[in-house]
Amino acid sequence: MVRRYRDGKNHLPNDIPIADVTGVFATVSAQGFVDLGNEFFQDLGANGRRCVSCHVPTAGWTLTPPELAAVFHATDGGVRADPFGLGAVFRTLDGANSPNADVSTLEKRRQAYSLLLHRGVIRIGLAMPANAEFDLIAVDDPYSFASAAQLSLYRRPLPTTNLKFDSTVMWDGREVVAGETVLQQLETQASDATVIHAQGKPLTDAQRSSVAAFIVGLASAQTFDRAAGHLHEDGARGGPEEIFAQPFYIGINDNFGDSKTGAPFNPVVFNLYDAWTCSCDRDGDARRAVARGQALFNTKSIAIVGVSSINDEPAFGTPDTLMGTCTTCHDTPNGGNHSVVLPLNIGLSDESRRTPDLPLYTFQNRTTKAILKLTDPGRGLIDGKWAHLGRFKGPMLRDLAARAPYFHNGFAADLAAVVNFYDERFNIGFSACEKADLAAFLHAL
Ligand code: HEC
Ligand code: HEC
């Protein structure tokens, strides 16, 4: 599949079909090919890590448990070298449950990397910020490492594709710098990643801009669904090529009006599958299901309650209940991420959803003495604001089928589990058919 071109570089052609749970996805680069010579694939650090070690093109540009299992097996848990440096994901500093984990035998390595292997999460180590509105008063860490000096936060690598839609760099927006473009933030991010994950030196300006230009030029999406067939047929506009044509800017279709045109928020965010509403093609049944799922995503009414940054936000009028849709938060047309920098708390790191494999942190408000227990404080750990604890960005929703599990901590094993989470969290009352239709749509993105 890898071609060596006359300039001597290794190029991966655009649109290579890659199998996933429900069909096939593909990546295209605006360059016309995926340049395997880019710094993204180079060993620029000190521990064998490369960007591709954690952002794997065949795993939706992130990590997935099946892909990790294969690499673990092939490299004896990161001990044996491999040509692309994929095994280097198994490094204790942030690949293991704890940096102090014992990795002396294969069986110990299997235990040491259990969160990575099962949830596809990397340990992000962040300290309590100075001048926080809260204290960290207790740490319950099954791996006996975390403290105020370094909380262990286990997070899914965000895909390094479809970044044209990105408004908020990182789950907690910690690479967002006011006044900088997202491209500039991605350049800084590339250098920070080399220093933090690969224990290397900061990248040069030329390297930063080369990596950032490379990832921003990528688009990935599902192209074929085993039930619905080709996703760019019969009038549908699935697949990655369409992503290039899709306009995006920060604040597009924002809830308070489009930042450029001032047009009011339009809840109809996805229209890729409009033409399948009454498809009578050979795959018509499955195609109509995808179109019904799209309509549910756009219009099914959801009573949004208890979401910090909506229900407690003066801009929204601090409503007890905001009647919305999936698209209230996933508002970017045909991208599905939140088009503004406004991390939200939908409860994924609440104590009630804690599983024994994750740490639990107890925070106390310095003024009110209120207590909050979370597995990951999200945005609040960056800016020290009590109200921002547990907030995460509304991520991009394309190419989902390629990259289970979902949410920042891999809480949902598959898209059916995502739909069930929302159904319970917001008491939506989806019927079994509606759940299946919504999942069919999400799988076709
Ligand atoms: C050890 C694994 C690892 C390596 C190596 C790594 N990343 Fe990441 N990357 C992550 C994780 C985990 C996140 C999400 C962290 C968070 O949000 O707190 C992430 C997030 C990102 C994001 C944010 C995307 C978004 O939607 O905001 C970009 C961009 C990115 N990485 C680029 C890179 C580049 C470029 C390199 C190489 C220089 C690289 N990464 C190396 C694990 C890794
Ligand atoms: C109140 C805002 C809000 C609403 C309403 C909402 N989402 Fe989300 N969505 C988010 C946030 C925030 C995240 C990331 C949360 C996290 O990981 O902590 C997310 C994450 C996701 C993800 C995971 C993506 C990934 O890369 O892991 C999917 C899929 C998703 N939402 C689908 C939906 C669907 C389907 C609906 C409607 C049934 C919906 N969302 C309604 C805010 C919202």
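Let me begin with strands β4 and β9 (residues 218-225), which pair in the antiparallel sense over 7 bridges, where helices (H or I, at least four residues) and strands (E, at least two) are DSSP runs numbered from the N terminus, and where two strands pair if DSSP finds at least two bridges between them. Within that pairing, phenylalanine 25 stands opposite glutamine 222 in β9. Before I go further, please keep in mind that this is a predicted model, in which local features need pLDDT of at least 70 and side-chain atom pairs count only at pLDDT 80 or more, while totals for chains, interfaces and linings use all residues. Residues are numbered from 1 along each chain as its sequence is written, chains are lettered from A and ligands numbered from 1 in the order in which they are written, and side-chain values use heavy atoms, with hydrogens and water left out.

Staying with β4, which covers residues 23-29, we find that 7 of its 7 residues are buried, meaning under 20% relative accessible area, with exposed being over 50% and partly exposed in between (1.4 Å probe, protein chains only). On its other pairing, strand β3 (residues 18-19) is joined to β4 by 2 bridges and runs antiparallel to it, with alanine 19 opposite valine 24, and a hairpin of 3 residues connects β3 to β4. At the other end, β9 is joined to β10 by 2 antiparallel bridges, and there phenylalanine 224 has histidine 230 as its bridge partner.

Put together, these strands form an open sheet of 4 strands in the order β3-β4-β9-β10, with antiparallel pairing. Because β3 and β10 (229-230) stand at the edges with a single partner strand each, one side of each is left without a neighbour in the sheet.

Now to ligand 2: which residues are the protein donors of its iron atom? They are His330, through NE2, and Tyr422, through OH, lying 1.9 to 2.0 Å from the iron, where donors are N, O and S atoms within 2.8 Å of the metal (3.2 Å for Na, K and Ca), and where sites may look incomplete since water is not among the atoms. Histidine 330 lies in the loop between α9 (326-329) and β13 (360-365), and tyrosine 422 in helix α11 (residues 415-425), so the pair ties together parts that are 92 residues apart in sequence.

Turning to polar contacts, which are pairs of N or O atoms within 3.5 Å, an oxygen atom of ligand 2 is 2.8 Å from an N or O atom in the side chain of arginine 403, and a polar side-chain atom of histidine 408 lies 2.7 Å from an oxygen atom of the ligand.

Finally, ligand 1 is surrounded by 29 residues, of which the closest are Cys51, Cys54, His55, Trp171 and Arg174, a residue being near if one of its heavy atoms lies within 4 Å. Among its oxygen contacts, a side-chain N or O atom of arginine 155 is 2.8 Å away, and a polar side-chain atom of lysine 393 is 2.9 Å away. The largest share of the shell around ligand 1, 5 residues, comes from α5.

Conventions
A polar contact is a pair of N or O atoms within 3.5 Å; within protein, one must be able to donate a hydrogen and the other to accept it, and residues adjacent in sequence count only if both atoms are side-chain atoms.
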